[in-house]
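Work through the exercises below with the sequence and the 3D structure at hand. Each task is followed by a solution in steps.

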Amino acid sequence: MMRQVNILFKKELLDAYRDKRSVMAGLYYAFGAPIVMCLLFSILLQQMASPEALKITIEGADRAPNLVQYLDSAEISHSDADDVKPIRLEISEDYQQDMAHGRSATVVIVADKSDSKLIKSVRRLETALLRYNSEVAGLRLVARGIDPGLMRALDVQTHDQATPDAKGGLFLGIVTLSIIIAVFYSAMNLGIDTSAGERERNSLALLLSHPLSSMQIVLAKVAAIATFSILGLALVLVVSKFAYAMVAWEQLGFSITLDIRFILVSLIIGIPIALMSASMLIFVSFMAKSFKEAQSYVTMVLMVPVGLSMMTSYDIATETIQWLPIAAQQYAMIELIKGNALPYAPLGVASVFTLALFALFTYLSSRMLKSEKVVFGL
Amino acid sequence: MIKVHNLKKQIASVDAMDGLSFSAENGHITGLLGPNGAGKTTCLRTVFGLLQADDGYAEIDGIKVHEDPMAAKQQLGLFPDPCGLYERLTPREYIEFYAQLSGMTKTAAKAATQRVIEQLKMTDIADRRCQGFSQGQRMKTALAQAIVHQPRNIILDEPTRGLDVMSTRVLRELLLMLKEQGHCVLFSSHVMQEVAALCDHVVVMAKGKVVAQGTPDQLCEQTGKASLEEAFIVLIGSDEGIAA
């Protein structure tokens, strides 16, 4: 039984290895994805770390030199150039007088608050003005011999319990997503080629005429595709390890470091996924009538694992989907990067579920190969 | 020995096989002769267990194909139409792979592959990838695959299509040699000269039925014609006459 599988498995590996187009497609993803992500993160982090200078129009700036200076230190300043935001700060004519007499001096913010792109800048200006307000008020109280602390009835303190690594949740989600998806994409073309392609080249009928069962054929093909999936996974992990090490995480106070333990654990939890993905690829490809048709079916079907992975990345319905295949494995990888313990229960349940799907797809594919309609593409 | 008994099969409301019965003996070359669409390939595929007959059965060395397909396939070598090559493998790898699948050990498969490559005079192409092969080179590779494991029964589907004179001669010698060794050779064709020159037994098929069988001479005698081609036309034509 295993002898026949082994002979066919070796032939499939050799055949797949020589299929340069499919191998390149797999490599392209494994190398490309982490590098693209890396560039994306670097740009994102830069934007998050140092807020851009906010240019607005300040009218009557000469009446409030202190306020203007204070705003300037918060990177908010007047500009006449083109990059100015449509926010106007009007300093009233009696500002100086009111200030001098300890009255409320009027400043007016003129902006369109329905403009969602502007709202963040408006808030930033409001916060800066409020801070200036309490600073001046405090000074006034001190001048009258009153403790400014009186003005603070509530002392609100927030203790941020998030560990630095946990803060990078979304980043972690995207990193693990790009790793998990590699299992599916790195062997996609090979999977189609070895099933729908084999039938289209008329070699499937000859293979079936030899003394080996359709189950042996499917098992050998699944094993060969899964081998390439795991190779793709290993490659994407190694490339990710070096690529993400180059992102300047320290600006955000957390870091994504993929250590050897993470790589090894990911490879192990990736094996059931690779088997499931390989059997699914074969099943879908044999369902299709031609190579072309198989390509479009496979692309559609792959939306499901990508969707599950996306839901984990964006933390949608985590409680429920953490028990499902792919989502659970990805969740485990996220926990591992965060330095937490592996969630054994969901991971175990999902792995068994994943292997059950592998068994189901393999069984269905081997049954299909017994149908003359499938074999001859009738 | 290959025997088919009362095979019936409908494909898309067409009777591809309609009560087909004949047998191919060991040490004989049996030709399955018929016009296009007569059901030759369907019949051969049924013998290989690739198609399920609606009724009747095929038997190889006494093993019923639908009852024990594995054991039956073990006794067979197939030269299919189309060839079904793996473009990215060399003929040597391809032949060796199928030799192993048919039950040979790795070393035995290697030796047998070398032997068959020399026998078919394909040493020059043995280590080139099949991609871009000419029709004749493809046919030789497929033929080598069919006989490498020395099966008792060999089935060839249109083995002479696209072969040049030299290759046809090689094929002819090979089939005669297999016959000498006591193999059962069954091949389908619509090339009269081939059938006339090689076959000990001819089965003439039309519309899924056997219309006549016997040695080429017997067929000529039966129809009162001088050549097998003439006899064939009479046999097929008369069938159409009945059907009309």
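A residue is buried if 20 or more other C-beta atoms lie within 10 Å of its own. The model is predicted.

**Exercise 1.** State what share of the residues in chain B is buried, and which helices and strands the chain has.

Solution. Apply the cut-off to the 244 residues of chain B: 48% of them are buried. Next, turn to secondary structure: chain B has nine helices and ten strands.

**Exercise 2.** Decide how compact chain B is, using its radius of gyration.

Solution. Chain B has a radius of gyration of 18 Å, and the globule rule gives 18 Å for 244 residues. The two values are close, so chain B is as compact as a globular protein of that length. Along the principal axes, its C-alpha atoms fill a box of roughly 55 × 40 × 35 Å. Now take the contacts in chain B between residues at least 6 apart in sequence: 67% of these join residues at least 24 apart.

**Exercise 3.** Describe how helix H11 of chain A packs with helix H16 of chain A.

Solution. Helix H11(A) covers residues 260-287 and helix H16(A) residues 344-368. Their axes are 8 Å apart, at an angle of about 25 degrees. Angles under 35 degrees count as roughly parallel, so H11(A) is roughly parallel to H16(A). The crossing is left-handed. On H11(A) the contact residues include A:Ile269, A:Pro272 and A:Phe286; on H16(A), A:Leu347, A:Phe358 and A:Met368 are among them. Sorting the residues of this contact gives 16 nonpolar, five polar and no charged.

How values were computed: Residues are numbered from 1 along each chain as its sequence is written. Chains are lettered from A and ligands numbered from 1 in the order in which they are written. This is a predicted model: local features need pLDDT of at least 70, side-chain atom pairs count only at pLDDT 80 or more; totals for chains, interfaces and linings use all residues. Axes are lines fitted to C-alpha atoms, for helices over the stretch in contact, and angles run from 0 to 180 degrees between N-to-C directions. Helices (H or I, at least four residues) and strands (E, at least two) are DSSP runs, numbered from the N terminus. Angles under 35 degrees count as roughly parallel, over 145 as roughly antiparallel, 65 to 115 as roughly perpendicular and the rest as oblique. A crossing is left-handed if the near helix is turned anticlockwise from the far one by less than a right angle, and right-handed if clockwise. Two residues are in contact if their C-beta atoms, placed from the backbone, lie within 7 Å. Ala, Val, Leu, Ile, Met, Phe, Trp, Tyr, Cys and Pro count as nonpolar, Asp, Glu, Lys and Arg as charged, and the others, Gly among them, as polar. The radius of gyration is taken over C-alpha atoms; the globule rule is 2.2 Å times the number of residues to the power 0.38. A residue is buried if 20 or more other C-beta atoms lie within 10 Å of its own, exposed if 12 or fewer, and partly exposed in between; C-beta atoms are placed from the backbone.
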